[in-house]
Amino acid sequence: MKNLKIRSSLFLAICLGTVSSAHAGQYVITFKPGQALKTSQLQQQLVRLWPDLAVKQRMADERRIVINIPNDRQTPILDALTRLSWIEAVETDIHVTRQLVPNDAYLNQQWSLFEDAAGIRILDAYDITLGEGAVVAVADTGYVPHPDLDANRLPGYDMISSSSTARDGNGRDNNAIDEGDYTVWWQNGYTSNSSWHGSHVSGTIAAIADDGKGIAGVDPMSKFVPVRVLGSGGGSLSDIADGLIWAAGLPVNGTAINTHPADVINLSLGGSGNCPSYMQDAINAATAAGSVVVVAAGNENTNASSSTPANCDNVITVASVGRNGARASYSNYGSIVDIAAPGGGNGGGILSTIDSGTQGRQGPAYAEYQGTSMATPHVAGVVALVRSVAPDLSPAEIKALLIASARPFPGSCNGCGAGIVDAYAAVALASGTTPIDPPTDPVDPIEPPVYESITYTGPSNIQIADARRAFWFFTTPGSTSTSLNVPKAGKNSQVNIVINHPRASELSLTLVRPDGRQVGLAPFAQQGSFITYQAPGSDSAGVYLLNITDSRSGNSGVLTSFNVVQDEIQ
């Protein structure tokens, strides 16, 4: 086995919500083939018929255009469009978002790569291949400069057609850098920090290994191509469809050809609705070109048949298991799911590469997230390993190989597909290597220790210091600190905090654990004015120090409860 040094560095706990709905008034029109008029002439005809209809862009498939219709005119125009003999389909341009679940679980090791319960057995696979020669396209929020990724990054493309969503002052261009997907209330209707989601996904796949720092990717010798399709608040499925075609090395109007066609394309994103024909056609084209398309099942804890592009044909749809190997509570499921992979939950998140900025880029960092977004790159990474040793396998053959080599679930995971992806078994099967099973020699039984859940309760009903206005132009933040002593070491420790405050956005919480690590907290759940925060404990005995900062004056709050729950040997 290769000697890989895996370390974790700066940790950030970030909780993000997702919104998924159709774009108001945005649709994709497909013209019937064999028309006497060119697509551009048909566009002009539509505008002459309905002057308030706006043609936004032509898609990679030149029979398709994206249009906008004013909200108050949608019904009559849509009815008329569907009756035109030269139009094949009028479909909603579905709004999609990153498939990230709010996460506070956090660990300083990459358990998803090697633990017995949910790990993908990557360390054994490394003895066969490190992904040399494989190319993975990550259609997501783009990339950020990061020492754990830079050497493995190939030129990408920004496929976002909306300049406001892209935040780069223009539409599509050849710069796939992540400008931050943070949201603001006046533009999006809610506020959230930048997730650097695309770089987190890319790190799981292609982070550099054996360099004495950071993390190791599933394919540390592969290369990745960032395709930016998600920006502020999400993105358009029409942009994603074109991004998929570009990633596969196929022509897209107005762009240069991707000279590094992807062996596998990772789509850690999704929205609600049926699979539109324009998305299915893009997937079919990419698959025909040789790219394997891997898609997140979604995070709504419902049947994945209602999530797209997970419900499209010719994809590998991925569910998520937690650290115990059972279905993660958020993961979608159902008959369309092909396979599962570790995505975090049930005791741990997925550690990967991000930027430290809350809005714009500030510098490289690491954080744990959880979601089917995090499970999907594990599968995409294994596909790249397979392509590294068997480059001539077709997408259908690779899908069948992954399903055949998946290992059984150690916990309950109904509707999660064939099993947990097994990197070693997959590359061994693809390369003709005989997998080595664990030794079966009899050993003396060892009685497992008996654990009991113990709760340590800290101070409660503490008034949170409000910020103070000093003159009209200056505010002094309010600062409140309290501590909780945990006298015994344990395992599966979790910190739970409840605050009663009318505005969560005014509060900033940091937790210093007994092991000295500082964790930034974001809301896990909110009901009315009661805000819940959660963070992993250190499993060490000692003092937890909680710091609460109130950044704006005028609203008061109370720390309602502060406790640590952990399992202890009895």
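Predicted model: local features only at pLDDT ≥ 70, side-chain atom pairs only at ≥ 80, totals over all residues.
Residues are numbered from 1 along each chain as its sequence is written. Local features need pLDDT of at least 70 and side-chain atom pairs count only at pLDDT 80 or more, while totals for chains, interfaces and linings use all residues; side-chain values use heavy atoms, without hydrogens and water.

**Exercise 1.** Find which residues touch the most other members of the largest nonpolar core.

*Solution.* Start with the term: a nonpolar core is a set of buried (under 20% relative accessible area, 1.4 Å probe, protein chains only) Ala, Val, Leu, Ile, Met, Phe, Trp, Tyr and Cys residues joined through side-chain atoms within 4.5 Å. Next, look among the 63 residues of this core: Ile122, Val294, Ile316, Val379 and Leu402 touch the most other members. Helix H10 (residues 372-389) gives the most to this core, nine residues; helices are DSSP runs of H or I, at least four residues, and strands are runs of E, at least two, numbered from the N terminus.

**Exercise 2.** Work out the strand order of the open seven-stranded sheet, and which strands stand at its edges.

*Solution.* Reading across, the order is E7-E8-E6-E10-E12-E14-E15, with parallel pairing; strands pair if DSSP finds at least two bridges between them. E7 (157-158) and E15 (339-342) each have a single partner strand, so one side of each is left without a neighbour in the sheet.

**Exercise 3.** State the mean pLDDT of the protein chain.

*Solution.* pLDDT is the predictor's confidence in each residue, from 0 to 100. The mean is 86, and 89% of residues reach 70 or more.

Definitions and conventions: Buried < 20%, exposed > 50% of the residue type's maximum accessible area, 1.4 Å probe, protein only.
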